[in-house]
Amino acid sequence: MTMTTLPTLFVSHGAPTFALEPGLAGAQLGALGQALGKPRAIVLVSPHWMTRGVEVGAAARPETIHDFGGFPRALYQLAYPAPGAPDTARRIAEVLGASGIAASLNERQGLDHGAWVPLLHLYPAADVPVVQVSLPAGLDSRTAYELGVALKPLSAEGMLVIGSGSLTHNLYEFRAGTTDEAAYAREFSLWVRQRVLAGDRDGLLNALARAPHAQRAHPTTEHFLPLLVALGAAGDSLPATVLDGGIRHGVLAMESYVFGRALTLETKEKEFA
């Protein structure tokens, strides 16, 4: 039986409250999950699990990690009980090793909020095995892309590779409680979107140096790098689909991308929980 190569995804997971306030972005992820169907497994890179070297989560039942503070109590009561997949984790480590990237298995690591919050909307039944791959400290745009290239063979094995980050991520401004949409967040997002739709890999690899307001949109780089992981895992796959989830809290762009699949999703903004 021939397995169809899956697209790769970059998803903006926003603030942890995205779990309770799905809005348009949550509705889009729900429609996307329906359109893609259930993959064999989800392979996900999040900036909230950073390690010295590459690690692959190999827990059979990864716990839901509430790695944040100061949010509504209801958020800490949420769980995403997706199964793990130790055999799949070993396969991922093997594929990475074949590309010269040494990876160790971590049988204790659970799912951080960069994983379970968007997956709560993408696959709400939590019935797809999830394996996280850590984001190594010290990665830059090029090496993040190369990590994605190393993960590329998994898409042909029925696995859905996801980079979970945030298209804009200025925590200082988020914590300031801004409500009006910041023009810089929209301008940065539109610049990146244009390069995604044009298949401009060089532009995306250099976005943090070339895009308007890049330093303000990403004072630190870890929430942008998962986009480059997803881009690398996509290989030469075109076209791309843009999910414009709007801008939340004035500064958090909730835009997501599907690399390698043209989709038209019918969505309606969900009511907040």
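Student: Hi! What should I know before I start?

Tutor: This is a predicted model, so local features need pLDDT of at least 70 and side-chain atom pairs count only at pLDDT 80 or more, while totals for chains, interfaces and linings use all residues. Residues are numbered from 1 along each chain as its sequence is written, and side-chain values use heavy atoms, with hydrogens and water left out.

Student: OK, helix α1 then. How many residues does α1 have, and how far does it reach?

Tutor: Helix α1 covers residues 23-36. It has 14 residues and reaches 20 Å from its first C-alpha to its last, close to the 20 Å expected at 1.5 Å a residue. The expected span is 1.5 Å times one less than the number of residues. Helices here are DSSP runs (H or I, at least four residues), strands are too (E, at least two), and both are numbered from the N terminus.

Student: How many residues of α1 are buried?

Tutor: 11 of the 14 are buried, so α1 is largely enclosed by the rest of the structure. Buried means under 20% relative accessible area, exposed over 50%, and partly exposed in between (1.4 Å probe, protein chains only). Among the buried ones are Gly23, Ala25, Gln28 and Leu36.

Student: What covers the buried residues of α1?

Tutor: The cover includes β1 (8-12), α4, β6 (159-165) and β10 (256-259).

Student: And how do α1 and α4 cross?

Tutor: Their axes come within 7 Å and cross at roughly 65 degrees. The axes are lines fitted to C-alpha atoms, for helices over the stretch in contact, and angles run from 0 to 180 degrees between N-to-C directions. The two helices are therefore roughly perpendicular to each other; that label covers 65 to 115 degrees, with under 35 roughly parallel, over 145 roughly antiparallel and the rest oblique.

Student: Which residues make the contact?

Tutor: Gly26, Leu29, Gly30, Leu32 and Gly33 come from α1, and Pro118, His121 and Leu122 from α4. Contact means heavy atoms within 4.5 Å.

Student: Switching topic: which residues touch the most other members of the largest nonpolar core?

Tutor: Of its 57 residues, those are Ile92, Leu167, Val192, Leu227, Leu228 and Phe259. Helix α11 (residues 225-234) gives the most to this core, with 8 residues. A nonpolar core is a set of buried Ala, Val, Leu, Ile, Met, Phe, Trp, Tyr and Cys residues joined through side-chain atoms within 4.5 Å.

Student: What does Val192 touch?

Tutor: Not counting residues up to four places away in sequence, Val192 touches Leu167, Leu204, Phe224, Leu227 and Tyr257. Val192 is also one of the buried residues of α7.

Student: What comes just after α7?

Tutor: Gly199, which takes a positive phi of about 65 degrees. Likewise, α1 is followed by Gly37, whose phi is positive, near 75 degrees.

Student: Which residue other than glycine has a positive phi?

Tutor: Ala126 is one of them, with phi near 55 degrees. It is found in the loop between α4 and β5 (130-136). His213 has a positive phi of about 65 degrees although it is not a glycine. Most residues other than glycine have a negative phi.

Student: Is Ala126 buried or exposed?

Tutor: Ala126 is buried, with a relative accessible area of 8%, whereas His213 counts as partly exposed at 35% relative accessibility.
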